[in-house]
Amino acid sequence: MRRVLKDTGSIYLHCDPTASHYLKLLMDAIFGRKNFRNEIVWCYTGPGSPGMRQFNRKHDIIFWYNFGKIWKFNRDDIRIPHKRLNLNRSGAMIGDALTEELRDAYLEKGKIPETWWPNFTPVGRIRTEKMGYPTQKPLALLERIIRASSNEGDTVLDPFCGCGTTVHAAESLHRKWIGIDISKFSTGLIRDRILHNFKYLNTDDIDLRGTPDSVAEARKLARQDPFEFEKWVCGYIGAEGMFREPGEKGADGGVDGVLKFFPVREGKKVKPEYAIVQVKGGNVSPDAVKALHETVRRYEATAGVMVCFADQLGTVENQRVKATFSDAWGSYPVVQGFSVESLLSDGQLDLPLYGYKRRGAMLGL
């Protein structure tokens with residue numbers, strides 16, 4: 001980040017209090033103590049742990065550094081509106097000490113935030129944003145940071161972008177962006193998140209690098225690293241984890257991922273239903289197809305999807321149960337096969353349209 005940061009740019013580093021003092025020394029060594037701008041305390045409230053023999057830990061740390069002599073700071077873009085004037089110790093309104101012109105601007109624009117930020121709810125309590133990532137940040141928190149230190153058309157880089165909150169905020173604020181993550185699951189998840197929230201974009205507008213873009217590359221990944229192949233597939237089709245994160249090693253109960261969709265019955269959307277996803281990068285045995293049906297039954301899911309290469313679809317078709325389920329849009333197989341080839345060409349699963357992506361967009365939601 002030091003190497004690619006512009007002279008007018010800034011870097012923000014988030015951590016928790018168990019590591020902040022170590023990372024402050026590291027940042028001073030790399031960027032220089034004179035380029036330290038702020039230590040921001042993101043504080044929040046919530047229930048504590050019964051029997052805890054210490055104060056509840058309810059804050060995180062954000063370090064802000066720049067590197068050049070002139071850095072961007074957009075004061076007016078991040079001002080907090082005033083609801084009332086505060087009183088000083090003598091009981092007089094602070095506004096009385098200001099000229100009339102300054103006082104009016106102070107009230108109209110609000111004030112620049114202090115270095116403690118209490119007005120951002122953790123994502124775990126924001127139902128519309130929660131994506132299952134333990135380190136996910138609120139969208140509004142990233143928007144404040146991006147507004148403060150960049151202008152429209154500037155480039156925002158997040159080298160550990162996880163589920164893509166930074167790039168989501170950057171796109172919404174008309175910045176260019178680059179997101180990097182070690183997980184191939186993240187790349188697919190972020191792609192769908194951006195396409196779902198910004199309808200003017202399509203798959204060609206997002207440049208994915210480091211993930212398969214051909215059947216040959218997909219086969220190579222499946223041979224070299226089956227777990228990363230599983231992550232890539234689950235991320236690409238929008239499947240989430242059930243007993244563990246997709247691609248994580250360990251027992252998965254026969255579930256590589258879970259795909260949520262919203263059937264329409266009796267003219268309205270009902271509660272979400274689920275399709276169990278299994279990923280096979282090699283041969284698909286008849287027993288594997290039968291096991292998928294049993295997994296669907298055992299976990300009371302609505303459907304099951306076997307993702308494999310096209311040359312294995314015959315086994316899936318021959319061995320799957322032929323039962324179907326229905327909604328107002330039509331009938332769908334309880335167990336179906338879906339090829340990697342179709343995935344790469346943006347083919348669609350045979351599931352209800354509501355809640356499932358079509359060319360990256362979530363229909364009906």
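Which residue just after α7 takes a positive phi? G238 does, with a phi of about 85°. The structure is a predicted model, in which local features need pLDDT of at least 70, side-chain atom pairs count only at pLDDT 80 or more, and totals for chains, interfaces and linings use all residues. Residues are numbered from 1 along each chain as its sequence is written, and side-chain values use heavy atoms, with hydrogens and water left out.

Helix α7 spans residues 226-237. Helices (H or I, at least four residues) and strands (E, at least two) are DSSP runs, numbered from the N terminus. The twelve residues of α7 reach 17 Å from first C-alpha to last, close to the 16 Å expected at 1.5 Å a residue; the expected span is 1.5 Å times one less than the number of residues. Ten of the twelve are buried, so α7 is largely enclosed by the rest of the structure. Buried means under 20% relative accessible area (1.4 Å probe, protein chains only). Among the buried residues of α7 are E228, K231, W232 and Y236.

Strand β10 (residues 273-279) is also mostly covered, with six of its seven residues buried. Two strands pair if DSSP finds at least two bridges between them. Strand β7 (residues 257-261) runs antiparallel to β10 and is joined to it by five bridges. V258 has I276 of β10 as its bridge partner. Strand β11 (residues 303-308) pairs with β10 in the parallel sense, again over five bridges. Here V279 stands opposite V307 of β11. With helix α8 (residues 286-298), β10 and β11 make a right-handed β-α-β unit. Right-handed means that, with the strands pointing away from the viewer, the path from the first strand over the helix to the second runs clockwise.

A four-stranded open sheet has the order β1-β3-β2-β4 and mixed pairing. The edge strands β1 and β4 (116-117) each have a single partner strand, so one side of each is left without a neighbour in the sheet. Strands β2 (residues 36-43) and β3 (residues 59-66) run antiparallel and share seven bridges. E39 is bridged to F63 in β3.

The largest pocket has a volume of about 1500 Å³. A pocket is an open set of points on a 1 Å grid over the protein atoms alone, where a 1.4 Å probe fits, with protein on both sides within 12 Å along at least five of seven lines; lining residues have an atom within 4 Å of a point. Of the 50 lining residues, Y12, L157, D158, P159 and T166 are the closest to the centre.

Key
Grid points are joined across faces, edges and corners, and a volume is the space filled by probe spheres set on the points. Buried means under 20% relative accessible area, exposed over 50%, partly exposed in between (1.4 Å probe, protein chains only).
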